[in-house]
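Please keep the sequence and the model in view while I go through the structure.

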Amino acid sequence: MIVEQMMTTNVVTLQASHTIKDAINLLREKKIRHLPITDHDGHVVGIVSDRDIKEATPSNLLEGQHQDVYATTLEEIMTKNPVIGHPLDFVEEVATTFYDQQIGCLPIVSGGKLVGIVTETDLLYKYIELTGAHQPGSQIEVRVPNKPGILFEVSKVFHDHHSNVLSVLVYPDKQNDDNKILVFRVKTMNPLGIIEDIRKEGFDVLWPNMPGMTN
């Protein structure tokens, strides 16, 4: 999936000449946490977050004593030259950027101009959506040999049971590099028959693995 398919395109922005008070009002009104700062031509010149504002403003108990702080321009508190993304970037690459750069949002730029934004909340929701975790179902974890064609072999069991697989994730087996872990999200609330047949095929079901279930 590319960023263009998940980014927010109706982006709320301010300019560097706006004040902290302007930003506070807009963040509260739109119920957002990040504001891209653009110039008159739509180029991204900075980012202001709710954390930036909290660090720059006094406690609510002292708010009335420091009114001049709220007139401070955003240019003085914004993160300049922020990390940016492109609409054709892959979501996996963007997630890596969030992790490596420790950022909470990513302005999406095309042709030098702001066209969208992706936040950490957007990424989290997309992960939930892609894994099918928001739908009723069951999770089955299977340890398999790390060899070509193994996913097809396990998938035949689901096909034989006419079971709808919502998602498949592949993890390394930390205990043995010769294996990998397949995590299936299946659209059924009773996967016992599937699990039994997976085991009959010689595969190791890691989850569910409760008392009374045969290995």
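I begin with Gln-102, which is found in the loop between helix 3 (91-101) and strand 4. Helices and strands here are DSSP runs numbered from the N terminus, with at least four residues of H or I for a helix and at least two of E for a strand. This is a predicted model, in which local features need pLDDT of at least 70 and side-chain atom pairs count only at pLDDT 80 or more, while totals for chains, interfaces and linings use all residues. Residues are numbered from 1 along each chain as its sequence is written, and side-chain values use heavy atoms, with hydrogens and water left out.

What is the phi of Gln-102? Its phi is positive, about 55 degrees, although Gln-102 is not a glycine. Gln-102 counts as exposed, because its relative accessibility is 65%. The cut-offs are as follows: buried means under 20% relative accessible area, exposed means over 50%, and partly exposed lies in between, with a 1.4 Å probe and protein chains only.

His-162 also deserves attention. Its phi is positive, about 55 degrees, and His-162 is not a glycine. The residue sits in the loop between helix 5 (150-160) and strand 7. With a relative accessible area of 76%, His-162 is exposed.

Three of them form an open sheet in the order 1-2-3, with antiparallel pairing. Strand 1 (34-38) and strand 3 (79-80) are the edges, since each pairs on one side only. Two strands count as paired if DSSP finds at least two bridges between them. Strand 2 (residues 44-49) is joined to strand 3 by two bridges, in the antiparallel sense. Within strand 3, Lys-80 is the bridge partner of Gly-46.

Next come strand 4 (residues 105-110) and strand 5, which pair in the antiparallel sense over six bridges. Ile-108 stands opposite Gly-116 in strand 5. The hairpin of these two strands has two residues between them, and there Gly-111 takes a positive phi near 60 degrees. Why is strand 5 (residues 113-119) largely enclosed by the rest of the structure? The reason is that five of its seven residues are buried.

A further open sheet has four strands in the order 7-8-6-9, again described as antiparallel in its pairing. Its edge strands are strand 7 (165-172) and strand 9 (204-207), each of which pairs on one side only. From one strand to the next, the twist averages 25 degrees; for such angles, axes are lines fitted to C-alpha atoms, for helices over the stretch in contact, and angles run from 0 to 180 degrees between N-to-C directions. Inside this sheet, strand 6 (residues 138-145) and strand 8 (residues 179-186) run antiparallel and are joined by eight bridges. Ile-140 has Phe-184 in strand 8 as its bridge partner.

I come now to the charged side chains. How many salt bridges does the structure hold? There are eight, a salt bridge being a side-chain nitrogen of Lys or Arg within 4 Å of a carboxyl oxygen of Asp or Glu. One of them joins Arg-143 and Asp-204, at 2.5 Å from N to O. This pair links distant parts of the chain, as Arg-143 is in strand 6 and Asp-204 in strand 9, 61 residues apart. Asp-204 is partly exposed, at 31% relative accessibility.

Another salt bridge is formed by Glu-196 and Lys-200, whose closest N and O atoms are 3.6 Å apart. Both residues lie in helix 6 (residues 192-200), four residues apart, which is about one turn of the helix. Glu-196 is partly exposed, with a relative accessible area of 45%, whereas Lys-200 is exposed, with 62%.

Which form does the peptide bond from Trp-207 to Pro-208 take, cis or trans? The bond is cis, with omega near -5 degrees. Pro-208 lies in the segment after strand 9.

Thank you for your attention.
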